[in-house]
Amino acid sequence: MGRKPRVDKASEYEFATICANAGVYPQVVNEDETGWDCLVEFPPDPNFVPAEAQPAGLSAYAQIKSTIGRYRSTSITLSNARRMAQQGHPWFIVLFHRPASGERRIYARHIWGDLITESLKAIRLADLAGEKLHKRTLAISFDGSDDHTEDLVQWIEQTIIAVGVDYQSKKLNIFRSVGYEEGHASIKFSFQVENADEVAKVFLGIGEVQIQNFEFVPKRFGLQTNVANCSPAPRP
């Protein structure tokens with residue numbers, strides 16, 4: 001009857017099937033309201049001893065995307081990108097790509113260093129433009145090194161393991177630190193003096209001046225916020 005194939009939903013089902021066949025537990029969400037389509041739960045090692053010290057199994061959130069045609073790229077809303085970047089547990093973007101000719105391939109990227117940085121910078125730019133995050137998107141591209149058609153589930157697990165047991169703290173450290181390489185804020189202020197000697201004494205800690213028009217503007221990625229907090233500075 002000429003119905004249009006529901007490639008997105010078909011890809012979600014295929015991803016769940018791949019997980020199940022690999023011996024892990026896929027929990028598929030019915031409505032994608034928080035950025036994930038499937039929660040992948042890896043069972044703990046049944047042979048671990050002593051039993052009471054057995055660590056919990058790994059888990060990861062996955063957003064499933066699909067494309068048909070030439071380009072291996074997709075996009076996510078900035079509201080979802082922020083959630084993926086700021087939450088401490090693992091997130092992955094999985095793309096089922098069907099070229100115009102050839103076999104379907106599966107690509108995947110881990111929400112980590114570069115993607116966290118790109119997300120937060122795009123969010124800052126959208127905020128400066130006064131735009132809603134759920135209406136702006138971040139483009140995500142995939143190359144040959146992201147092809148995990150044959151080892152998708154194993155790669156997800158090994159990627160998490162490679163980060164280490166302190167995965168959450170490492171990810172949150174990236175989230176909190178990227179974009180501040182040029183400093184956390186810019187400060188502007190003015191003061192009046194009779195001569196240059198008074199300025200020199202202030203920097204030597206043996207003099208004082210009255211600071212006026214103090215302005216502290218937070219910034220990230222070298223981009224200032226829209227709001228400047230202005231208040232009198234305390235006397236040195």
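Asp146 lies in the loop between β7 (137–141) and α4 (152–163), where helices (H or I, at least four residues) and strands (E, at least two) are DSSP runs numbered from the N terminus. The model is a predicted one, in which local features need pLDDT of at least 70 and side-chain atom pairs count only at pLDDT 80 or more, while totals for chains, interfaces and linings use all residues. Residues are numbered from 1 along each chain as its sequence is written, and side-chain values use heavy atoms, with hydrogens and water left out.

Is Asp146 buried or exposed? Asp146 is buried (under 20% relative accessible area, with exposed meaning over 50% and partly exposed in between; 1.4 Å probe, protein chains only). Leaving aside neighbours within four places in sequence, Asp146 is in contact (heavy atoms within 4.5 Å) with Ile106, Tyr107, Ala108, Arg109 and Ser141.

We can turn next to the sheet. Five strands form an open sheet in the order β1-β2-β3-β5-β6, with mixed pairing; two strands pair if DSSP finds at least two bridges between them. The edge strands, β1 and β6 (105–110), each pair on one side only. From one strand to the next, the twist averages 30°. Helix α1 (residues 7–21) packs on this sheet and touches β1, β2, β3, β5 and β6, its direction making about 135° with that of β3. Axes are lines fitted to C-alpha atoms, for helices over the stretch in contact, and angles run from 0 to 180 degrees between N-to-C directions.

Strands β1 (residues 25–28) and β2 (residues 38–41) run antiparallel and are joined by four bridges, with Val28 opposite Cys38. Four bridges also link β2 to β3 (residues 59–68), again antiparallel, and here Leu39 stands opposite Tyr61. By contrast, β3 and β5 run parallel, joined by eight bridges; Thr67 has His97 in β5 as its bridge partner.

Finally, the axes of helix α2 (residues 78–86) and helix α5 (residues 167–177) come within 8 Å and cross at roughly 130°. That angle makes α2 oblique to α5, a class left over once angles under 35 degrees count as roughly parallel, over 145 as roughly antiparallel and 65 to 115 as roughly perpendicular. Met84, Ala85 and Gln86 of α2 meet Lys171, Leu172 and Phe175 of α5 in this contact.

Conventions. Lys, Arg positive; Asp, Glu negative; His and termini not counted. Salt bridge = Lys/Arg side-chain N within 4 Å of Asp/Glu carboxyl O.
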